[in-house]
Amino acid sequence: MSTTFNYKHLYYFWVVAKEGGISRAADKLDMAVQTVSAQVRELERSLGYALLKPAGRGLVLTDAGVAAMQQADQIFQLGEDLPARVRDAVSAPSVRLAVGVCDSLPKLVVHRLMAPALAEPNLRLLCNEGSLDDLLGDLALHRLDVVLSDRPAPANPNIKLYSHNLGSSTLGWYGPAALCKAAAKNFPASLAEVPLVLPTAHTAVRDRIDQWFEQRAIRPRIVGEFADSALLKTFGASGMGVFPASEWVHEDLLAHYAVKRLGACEGISEQFFAIGTEKKVQHPLVQRLLQPASH
């Protein structure tokens, strides 16, 4: 990579800006004032802008200097971190896995889907949550190794994406013991009489739940809608309402949220996918994630 400026000159400018003057910077660098001043002037010449201007007995940054200083801060902070990063890499070798998690995926399900990779003793896991579109953009730029989602990747003429089915789970209705007891007698028609907490429309399963109600002529009493599945369960379990959840993590639901199972959401299931940019997956930990689909 070629640059129009010298990083050594940038470093001297950085020290001058931090110290507030060329004399103090020269003392810190153990160099002659004239040498430091010449190096900073050389940087200004190469960039084409004045970076410092007099202010009283010292110097202050110009607008161009502020911009240069912001970049220099990042550059030299990274440089200061370099020895520690190299030392850590040598002393503690790790297997890096960068995973994008679609924000509509239930968090307990995510943990279970990733269990095969979590068994790696040298794992260094980087987990990012966001919308499917944003995550697929990061995947295309190779910032992520895989994206976990509740729906397959949409067709994209600009990049070939591969959706690997990780399995599915039936859906059940859960809630606080008192609400489940009140709704148990005439279930599922009773769902019109108790408060319900549902996922928002951006989840793949919400349309199927709405159709499920229509098929049974149930007019649900919706008191809350949540994009985040963990928030949905937290508010539902605290007494806000009955909510749908993956029966794949039934035991974890009971343990984490102290709720009861009211009944099945018959005919409705959630699908889980791992999305990648390669048909034949190369990353060893992503290969592990795909193993359940082959059973």
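Visitor: In this model, which residue of β9 does G172 stand opposite?
Guide: The model is a predicted one. Strand β6, residues 162-175, pairs with β9 in the antiparallel sense, over four bridges. Within β9, the residue that stands opposite G172 is A245.

Visitor: What is the order of the strands in the open sheet of six?
Guide: Strands of a sheet pair through backbone hydrogen bonds, either parallel or antiparallel. Here the sheet is open and its pairing is mixed. Its six strands have the order β4-β3-β5-β10-β6-β9.

Visitor: Which are the edge strands of this sheet?
Guide: The order of the open sheet begins with β4 and ends with β9. An edge strand pairs on one side only, and this holds for residues 123-130 and residues 243-246, which are β4 and β9.

Visitor: What is the average twist from one strand to the next?
Guide: The six strands form an open sheet with mixed pairing. From one strand to the next, the twist averages 25°.

Visitor: At about what angle does helix α9 run to β10?
Guide: Helix α9 comprises residues 204-215 and lies across β6, β9 and β10. Strand β10 covers residues 260-276, and the angle of the helix to this strand is about 150°.

Visitor: What distance separates the end C-alpha atoms of helix α3, and what span should its 15 residues have?
Guide: Helix α3 comprises residues 33-47. At 1.5 Å a residue, the helix should span 21 Å. The separation of its end C-alpha atoms agrees with this, because it too is 21 Å.

Visitor: Within what arc do the buried residues of α3 fall?
Guide: The buried residues of α3 are V36, S37, Q39, V40, L43 and E44. Seen down the helix axis, they line one face, because they fall within an arc of 160°.

Visitor: Which residues are exposed on the other side of α3, and which elements do its buried residues pack against?
Guide: On the other side of α3, the exposed residues are Q34 and R45. The buried residues of α3 pack against two helices and a strand: α1 (7-19), α2 (22-29) and β1 (52-55).

Visitor: Is Y12 buried or exposed?
Guide: The relative accessibility of Y12 is 11%. A residue under 20% counts as buried. Y12 is therefore buried.

Visitor: What kind of aromatic pair do Y11 and F76 form?
Guide: The ring centres of Y11 and F76 are 5.2 Å apart. The planes of the two rings stand at 70°, and planes over 60 degrees apart count as edge-to-face. The pair is therefore edge-to-face.

Visitor: How many residues apart are Y11 and F76, the two members of this pair?
Guide: Y11 belongs to helix α1, and F76 belongs to helix α4, residues 63-91. The pair links distant parts of the chain, with a separation of 65 residues.

Visitor: Which residues form one aromatic cluster with Y11?
Guide: Y11 counts as partly exposed, because its relative accessibility is 33%. F76 counts as buried, because its value is 14%. The residues that form one aromatic cluster with Y11 are Y12, W14 and F76.

Visitor: What distance separates the C-alpha atoms of G21 and R57?
Guide: G21 lies in the loop between α1 and α2. G21 counts as buried, because its relative accessibility is 8%. R57 is 36 residues away from G21 along the chain, and their C-alpha atoms are separated by 8.4 Å.

Visitor: What is the phi of D30, about?
Guide: Most residues other than glycine have a negative phi, and most peptide bonds are trans. D30 is found in the loop between α2 and α3, and it counts as exposed because its relative accessibility is 70%. Although D30 is not a glycine, its phi is positive, about 60°.

Visitor: What is the phi of H142, about?
Guide: H142 is found in the loop between α7 (132-140) and β5 (146-149). H142 is exposed, with a relative accessible area of 65%. H142 is not a glycine, and yet its phi is positive, about 65°.

How values were computed. Residues are numbered from 1 along each chain as its sequence is written. This is a predicted model: local features need pLDDT of at least 70, side-chain atom pairs count only at pLDDT 80 or more; totals for chains, interfaces and linings use all residues. Side-chain values use heavy atoms; hydrogens and water are left out. Two strands pair if DSSP finds at least two bridges between them. Axes are lines fitted to C-alpha atoms, for helices over the stretch in contact, and angles run from 0 to 180 degrees between N-to-C directions. Contact means heavy atoms within 4.5 Å. The expected span of a helix is 1.5 Å times one less than its number of residues. Buried means under 20% relative accessible area, exposed over 50%, partly exposed in between (1.4 Å probe, protein chains only). The arc is that of the directions from the helix axis to the C-beta atoms. Rings of Phe, Tyr and Trp (its six-membered ring) pair if their centres lie within 6.5 Å; planes under 30 degrees apart count as stacked, over 60 as edge-to-face and the rest as tilted.
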